[in-house]
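Morning, everyone. Please have the model open.

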Amino acid sequence: MNSTQLDHTAAVLSSMLTFQQPADAVLSAYFRDHKKLGRQDRHEIAETAFAALRHYQKISAVLRRPHAQAKQAALAALVLGRGINISQISELINEEEREFLSRLKSRKAEFSDGLSTAAELPEWLIRHLQAHYDDEAILAFGRSISRPAPLDLRVNTVKAKRDKVLEALQSEGLAAEATPYSPWGIRLQDKAALNKHPLFLDGTLEVQDEGSQLLALLTGAKRGEIIVDFCAGAGGKTLAIGAMTANKGRIYAFDIAEKRLANLKPRMVRAGLTNIHPERISSEHDPRIGRLNGKADRVLVDAPCSGLGTLRRNPDLKYRQSPETVSKLLEQQHNILSAASALVKEQGRLVYATCSILPEENERQVERFLSEHPQFELSDCAALLESAKVNGLDTGKYLRLDTAEHHTDGFFAAVMQHKG
């Protein structure tokens with residue numbers, strides 16, 4: 001890292017570490033305002049800023065109000081998060097900063113004293129997790145999400161087969177491998193810039209975490225069916241379901257955010273999918289939803305959630321969420337799941353999913369729903385995945401993807417069948 005990159009990183013962190021806005025939004029806005037920054041500059045700034053977020057507990061243990069001491073926070077991120085030796089940045093630091101970094105390195109052994117600091121998780125989340133998990137599991141989780149995520153891709157089977165695409169990427173010298181569970185997934189350990197790659201531009205490849213691909217797979221979508229993605233967002237899972245149906249049938253992509261749905265439309269065109277119908281709704285009670293009551297073969301509810309399973313990618317979420325925000329989400333999730341279930345036809349399938357690791361957003365929500373809706377019964381996710389030729393992934397009746405064990409984001413899913 002050079003001095004200019006360090007100054008820009010400090011400027012980004014002075015805003016990012018207040019946790020007033022999502023970290024990726026802060027970074028995007030900064031890069032828009034500094035258009036002359038080159039690709040390598042942006043890479044160094046982004047990697048160091050996100051390293052500071054991943055190691056914020058250790059940084060805040062030695063720096064009071066890190067956002068107000070942003071240069072020191074950036075230097076700490078280089079040493080703690082990016083494995084840079086102090087000697088490598090000697091030209092960027094003065095004697096006082098050298099002493100600070102030396103103290104920081106010597107304190108590394110002490111960081112194991114407190115679980116919050118060792119696991120890189122705030123106290124509120126530690127307390128939350130201790131109600132369900134032992135300290136060893138919490139530490140393993142914390143360490144797993146302190147490492148950057150690889151880049152997972154989904155091959156659009158409407159356009160190509162995974163083996164052929166994998167072969168093509170490897171022939172270009174990319175460190176690409178098949179994902180262990182998803183039949184459509186390819187994993188790149190190096191975050192190659194693929195947004196201008198021909199296979200991305202023609203819709204053959206989509207960026208999508210392997211766990212998210214498995215959620216789409218659990219819908220069991222088939223050609224000719226009516227399918228609803230109730231909280232579609234920008235439509236990653238909608239597109240995966242569209243490929244499963246090979247453009248036969250009708251897929252409704254509902255969301256309350258017009259902007260997110262607008263992002264889906266060019267992706268549909270690129271993917272060559274014509275059976276997806278994006279539609280903005282005002283809420284889960286929008287009267288326009290009623291026309292599908294009892295008609296959908298499959299309904300996916302990827303519910304709004306804390307996002308705490310995605311901390312590899314969004315490390316700021318653990319500081320932007322709180323017990324209060326989680327509590328509000330629980331009622332919202334319950335209401336959305338109840339409303340979406342009305343669309344499922346007899347013998348149809350309802351999939352509830354989150355990217356959270358909190359049981360109150362996951363198992364507890366499903367248990368509450370089933371107690372209030374006796375016409376639904378829980379299906380076995382492990383058996384469903386095995387029948388879809390997904391091998392070696394048995395987490396029981398529920399799908400529980402763990403970053404430490406499965407190397408995906410932390411996802412949860414439950415599949416429920418309408419008894420009819």
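One definition before anything else: buried is under 20% relative accessible area, exposed is over 50%, and partly exposed is in between, with a 1.4 Å probe and protein chains only. The model is predicted, so local features need pLDDT of at least 70, side-chain atom pairs count only at pLDDT 80 or more, and totals for chains, interfaces and linings use all residues. Residues are numbered from 1 along each chain as its sequence is written, and side-chain values use heavy atoms, with hydrogens and water left out.

Now the annotations. The unreviewed UniProt entry lists Cys355 under "active site"; UniProt positions are in the numbering used here, feature names are shortened, and annotations may be inferred rather than shown by experiment. Cys355 sits in the loop between β9 (344-354) and α17 (363-372), where helices (H or I, at least four residues) and strands (E, at least two) are DSSP runs numbered from the N terminus. Cys355 is buried, at 17% relative accessible area.

Asp255 is in strand β6 (residues 250-255) and is buried at 5% relative accessibility. What does the side chain of Asp255 reach at 2.8 Å? The backbone nitrogen of Gly233.

Asp302 is in strand β8 (residues 296-302), buried at 16%. Its side chain makes a polar contact of 2.8 Å with the side chain of Lys237. A polar contact is a pair of N or O atoms within 3.5 Å; within protein, one must be able to donate a hydrogen and the other to accept it, and residues adjacent in sequence count only if both atoms are side-chain atoms.

Next, salt bridges: a side-chain nitrogen of Lys or Arg within 4 Å of a carboxyl oxygen of Asp or Glu. The whole structure has 24. One of them pairs Lys58 with Glu120 at 3.2 Å, N to O. Lys58 is in helix α4 (residues 56-62) and Glu120 in the loop between α7 (115-119) and α8 (123-130), so the pair ties together parts 62 residues apart in sequence. Both Lys58 and Glu120 are buried.

Arg368 and Glu372 form another, at 3.4 Å. They are four residues apart in helix α17, about one helical turn. Arg368 is partly exposed at 33%, and Glu372 is partly exposed at 39%.
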